[in-house]
Amino acid sequence: MALFKKEKLYKVNGDLQEIASKFMQYLQMDGWKVQSRTEGDKAVIQAQKGGILRDIIAADRALTFLMEKTQEGIKVTVGVGKWVQNIAVTAIEALLLSELFLVVDVPEMLWNAHVEDKLLRELDNIVGIST
């Protein structure tokens, strides 16, 4: 078992709410079930994509994106997290104190790596940076 989590820093002074909103729109258009919570300089976005295999293996798991506005720009941390029921009413502080990212096994880690890379490339486009 291994913990799988990526961090990326976008050296921009963009509007966190706008970036999170555009990213959520992209995810929804790509067929993801999405929920989010934004408070101040932090946003949490959770995304699940259905499918028989995914539902059997990890029905309660979601890709979790934590976006934080920092002095250097916008820091994005992405990994597998437990799907939080009613995230819209859950305080971000409570999410940050809980286990936001879960330990996953190797097959799930490989699937997530592929999907996360694709989604981070789209986030690059949204933020306006090509890598």
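**Reading the fold and its core**

Guide: In this predicted model, residues 24 or more positions apart account for 64% of the contacts in the protein with a separation of 6 or more.

Visitor: How many helices and strands are there, and in what order do they run?

Guide: The protein has four helices and seven strands, and from the N terminus on the elements follow the order β-β-α-β-β-α-β-β-α-β-α.

Visitor: Where is confidence highest, and where is it lowest?

Guide: Where pLDDT is low, the predicted coordinates should not be read in detail. Here the average pLDDT is 78, with 68% of the residues scoring at least 70; confidence is highest in α1, at 94, and lowest in strand β1 (residues 2–3), at a mean of 48.

Visitor: Which residues have the most contacts inside the largest nonpolar core?

Guide: In soluble globular proteins, nonpolar side chains tend to be buried together. In this protein, 44% of the 131 residues count as buried, and the largest nonpolar core has 26 residues, those with the most contacts inside it being F23, L27, I45, M67, L119 and L123. The elements that give two or more residues to this core are α1 (16–29), β4 (42–48), β5 (61–69), β6 (74–82) and α4 (106–127), and the largest share, seven residues, comes from α1.

Visitor: Which residues is L119 in contact with, leaving aside its neighbours within four places in sequence?

Guide: With those neighbours left aside, L119 is in contact with F23, Y26, L27, W32, L63 and F65.

Methods
Residues numbered from 1 in each chain as written. Predicted model: local features only at pLDDT ≥ 70, side-chain atom pairs only at ≥ 80, totals over all residues. Heavy atoms only, no water. Core = buried A, V, L, I, M, F, W, Y, C linked by side-chain atoms within 4.5 Å. Buried < 20%, exposed > 50% of the residue type's maximum accessible area, 1.4 Å probe, protein only. Contact = heavy atoms within 4.5 Å. pLDDT = per-residue confidence, 0-100.
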